[in-house]
Amino acid sequence: MVSRSHLLIAGLLSVAALAAYSNAFAADLGKNLAGESCQTSGALTPDQPTDIMCGGAVVGQISYVPAPPDQTARHTALAQYVLSQSQDIDCGETQWTGASALKICTLKSNGWPRIVIGADAGGRLYRGEGAPSSLPALQAAIAQDAHQSLEQSDSSGALSALQAKLPVSVLHAPASDFAGYAQVIEAARLAGAADNYADAESHYREALGIEERLFGADSMIVGQTLADLALQVSNQGRFAEAAGLFRRTSPIIEASADEGAHARLDSYLALDAANQRHYVDALKFVQQATAARRAQIAAATQANAQSGDAANAVPVSQGELAHALRIQAEMSLRLDDLAGAKAAAEEALWIVTDEPGLPLWWRADTIALVGEINERAGRVVAAEHDMTDARDLNLKLFGATAPTALADLKLGAFYARQQVYPASLTAFRAAFAIAGNDAIARREIAAGDVVDFAAAETAAGDPATRDADIFHASQLMTSGMADQTIAHVAAREAAGNGALADLIAQEQTAEHNRDLARVQLAAEYAKSDQERNADVEQSLETKAKLASADADGLLVKVRQDFPEYVSLADPGPADLAATQAQLEPGEALVSFVFGQSSSYALVVRAHGFEAVPLAIGADSLVADVSDLRRAFVPALGRLPEFDLKNSYALYQSLIAPLHLDGVTHLVVVPGPVLSSLPLSLLVTEPAAPRDYQHAAWLIRKYALSEAPSARAFVALASESAHRAPAPRPFLGLGAPSFTGANGAAGAKALADITESCRAAGPVSADLLRALPPLPGSAHEVQTIGARVGGSRAEILLGGQATEANFRSQPLDQFAIVYFATHGILPGELHCEGEPALALSPPATPATSTATDGMLQASEIAQLKLNADLVVLSACNTAESPDGLGGGALQGLSDSFFAAGARAVLASHWEVPSSATETLMIGVFDPANRARGLAQGLRQSQLALIGRAATAHPFYWAAFTIIGNSESGTARTAQLTTAGH
């Protein structure tokens, strides 16, 4: 992601301060508007806020100062006192009822309603601030301390004013809503500050649920949280979903008179555009935000000047302007406007350095940006100084966590560009060391970082460890959709184990406390020199270290007590030697690392390793993949031409540079970019247009299979050697009872179910029924079942192909499990969804996800399988909005592996059942299977290529073996023979 978005630290800390209280010396204050019992946290002391608790949570504060002896001066003094201590709230005009004052406000940090009351009683001036429902408790606290009752008209007048302004749901909201909301917003912002976008998203969704219930779906507070949520979704690369959220929030915010909210939305839209590398659009949005922030500052400054009251002037912060300027500088830099980038970055740096109270990590981010600008301008020494300072400041603020790792990655890339390779390696290794213990830090590692590291290792690394280090680093990158799917699988696994769930909750709480302690310490560092306190800083440093040690200790305990969970949720990279030990002499494992403009292919052989630079980048590769995939979408009953010239060019870029002498079987770890393109359809020599039958397809040279990762390859190969064979041959499901239309209507139905946002409950049966039918799949399953299992095959078709019927089978008894149904393979996971297989909807509405007909990846992973092979014959990775759902297919395969399957044979597009039957019959032919799955698939594909009617790759290239391609070779060949 281009940039992180952080809110002002004052808002974060003000919310965090509500988390705890002491009930010593509590005084009973009666009930709040929600009917909860309230009390003070202790006796009131002059000008020292005392907490008000209702329902066990802090909901407000009360304080007082002695009243002036001059009766006529009291009104003015009370008005000024009510205005004090209000830097985190925006308030309307003061409303007076007798001697009492009321202000209806909102918290700047989260938009939550807040009230401030003032009273002149018992020779004291009182100020109370809290949630709207706390009004009676605040009034009771004043009355008790002043030893006199407030005028009835004053109390009722304040309540009437609230009732006229705020909805009943807010006035009667229990304290648990306020306290829970405060905690979840705090957690969301801490997660966002630490670049933990997935956790931030989860917390913002929880906050949104509270807001929509209390304020309504179209309220301003909901609009602001939708914008926060949209940005976190965008930061995870789910741009279509983020666009939908921005479309929801835009009319809400645009209808508001809050110019600050308008500017923040423009900043978020700029960051979203930048995440998509639409830098011109991003610059336009952020320039609007910058102009709005300048206008706000000018208006506030003018209002203070006109008031003539310097003592009570409203503080004017330029922090949000600095934030917008930093984004503007980044976009200008991306668009090669060095002068504009320099001017904006230097102004931002001046603000974050000069203004106390702003988050110190803004300073680190801005210094790093200035370093990038200096590098581009040729000021290399200054750039090195800036980037080193930024890294050191992040280390001081965040310790060995994600922000520090990101700073080290930037420093390593800088040194690599300058060809100072030893320093580059030092910085990269520091980042990788952090990533080894921090899953969030691993998400910061991009393919470009690994490309730069490989170049530095090749130039200056230790020959004795170079190969292993490059191979290790290549596995630290996230694989997008597949990793998100496994995260869901791990979460479901944890939820089903009470002891594990409790330990993970403790670990998460400890990490939260660690991050909060660091934020509090950063706030102390950010104060002016006159306000800083060395003792407080020392105490907070100790607190942060203890919290960090607690989090680290709990992480170790999770790894020690639950190794199987860790191997699923965080398996770590595979060792090079272990990978080589699983490769046969004629095999090579090839993994790709695609940077933006240059890439590497890593070739692992049983006795060798090579890192081969490739002159192709991710952007051009995505375009090439999309272009080749167009040939697999029939139009008006005809197949488009497959571009053999482009296929050959892609072969020249990807495979031709590799040294593959003696190799007969390629195991490919494709990564996110290549996961939607079977490499079998590349051609190794120039070919005449449309001459598919005689083209030099890659499958003519090699048997091909895929592995989701090197770790999965090693694990599946080692596990297969120790598994007892399943006794029953075949379980097949096909032709589910879908009644939707084909063509455009069917595509829309698939899109609807792919993009549907649903909670933890079952999927709508209507969504499943609307899917396009697969009538030919019944004959397909019956034919293959008879071929493989004969009379012993178990087959579920039509209305019998339900999730409940599938689960009722002895799943660990089947060697082959065959699904001829739609795979829900989104290009991006909407609303924390996951890939799935669609089965027949139940006859009566489902009450749980276990019987709803949507077999999700996390549910699959909890099944108990012993299958040599799972077949997914009607999946279509082009059904995602971007036409590239291969990552979801990899994630779905990972789930089957977690359940106990050894290999998955899956389609990338829907092939006519007749061609599929022919292909599968060839795959399961005993002579072919005796050579292994990959060779069996290859022979079957070659047979289809040899026929003019099926030589177009649409008919034969869709299927890919994922996993252990030798799994159960002899066993399944025996079963096939028995079936005959």
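Q: Why is the disulfide of Cys91 and Cys105 called right-handed?
A: In this predicted model, the torsion about the S-S bond of Cys91 and Cys105 is about 100°, so the disulfide is right-handed.

Q: How do you know that a disulfide joins Cys91 to Cys105?
A: The S to S distance of Cys91 and Cys105 is 2.1 Å. The criterion is a pair of cysteine sulfur atoms within 2.5 Å, so the pair qualifies.

Q: Are Cys91 and Cys105 buried, partly exposed or exposed?
A: Buried requires under 20% relative accessible area, and exposed requires over 50%. Cys91 has a relative accessibility of 34% and therefore counts as partly exposed. Cys105 has 2% and therefore counts as buried.

Q: How many disulfides does a search of the whole structure find?
A: The search finds two disulfides. One of them is formed by Cys38 and Cys54, whose sulfur atoms are 2.1 Å apart. With the limit at 2.5 Å, this pair also meets the criterion.

Q: Where in the chain are Cys38 and Cys54?
A: Cys38 is in strand E2 (residues 37–40) and Cys54 is in strand E3 (residues 50–54). The two cysteines are 16 residues apart, and the pair links distant parts of the chain.

Q: What makes the disulfide of Cys38 and Cys54 right-handed, and why are Cys38 and Cys54 called buried?
A: The S-S torsion of Cys38 and Cys54 is about 110°, so this disulfide is right-handed. Cys38 has a relative accessible area of 0%, so Cys38 is buried. Cys54 likewise has 0% relative accessibility and therefore counts as buried.

Q: Why is Gln224 called buried?
A: The relative accessible area of Gln224 is 18%. Buried means under 20%, so Gln224 falls within the buried class. Gln224 is placed in helix H8 (residues 220–235). The C-alpha atoms of Gln224 and Ile253 are separated by 7.3 Å, although these residues are 29 residues apart along the chain.

Q: How do you know that Glu780 has no salt bridge?
A: The nearest side chain of opposite charge is Arg787, which is 14 Å away. A salt bridge needs a side-chain nitrogen of Lys or Arg within 4 Å of a carboxyl oxygen, so Glu780 has none. Leaving aside neighbours within four places in sequence, the contacts of Glu780 include Tyr818, Ser873 and Glu917.

Q: What makes the span of helix H11 close to the expected one?
A: Helix H11 (residues 279–307) has 29 residues and reaches 42 Å from its first C-alpha to its last. The expected span at 1.5 Å a residue is 42 Å. Among the buried residues of H11 are Tyr279, Leu283, Val286, Arg293 and Asn304. The buried residues of H11 pack against helix H10 (259–275) and helix H12 (319–334).

Q: Why is helix H3 described as mostly covered?
A: Of the 12 residues of H3, 10 are buried; Leu135, Gln139, Ile142 and Asp145 are among them. Helix H3 (residues 135–146) reaches 17 Å, close to the 16 Å expected. His147 follows H3 and has a positive phi, near 60°.

Q: What makes E18 and E20 stand at the edges of their sheet?
A: Three strands form an open sheet in the order E18-E19-E20, with antiparallel pairing. Strand E18 (823–824) and strand E20 (854–856) each have a single partner strand, so one side of each is left without a neighbour in the sheet.

Q: How do you know that strand E19 and E20 pair?
A: Strand E19 (residues 836–838) is joined to E20 by three bridges. At least two bridges are required, so the two strands count as paired. Within this pairing, Ala838 has Met854 of E20 as its bridge partner.

Methods:
Residues numbered from 1 in each chain as written. Predicted model: local features only at pLDDT ≥ 70, side-chain atom pairs only at ≥ 80, totals over all residues. Heavy atoms only, no water. Buried < 20%, exposed > 50% of the residue type's maximum accessible area, 1.4 Å probe, protein only. Lys, Arg positive; Asp, Glu negative; His and termini not counted. Contact = heavy atoms within 4.5 Å. Helix = DSSP H or I, 4+ residues; strand = E, 2+ residues; numbered from the N terminus. Expected span 1.5 Å × (residues − 1).
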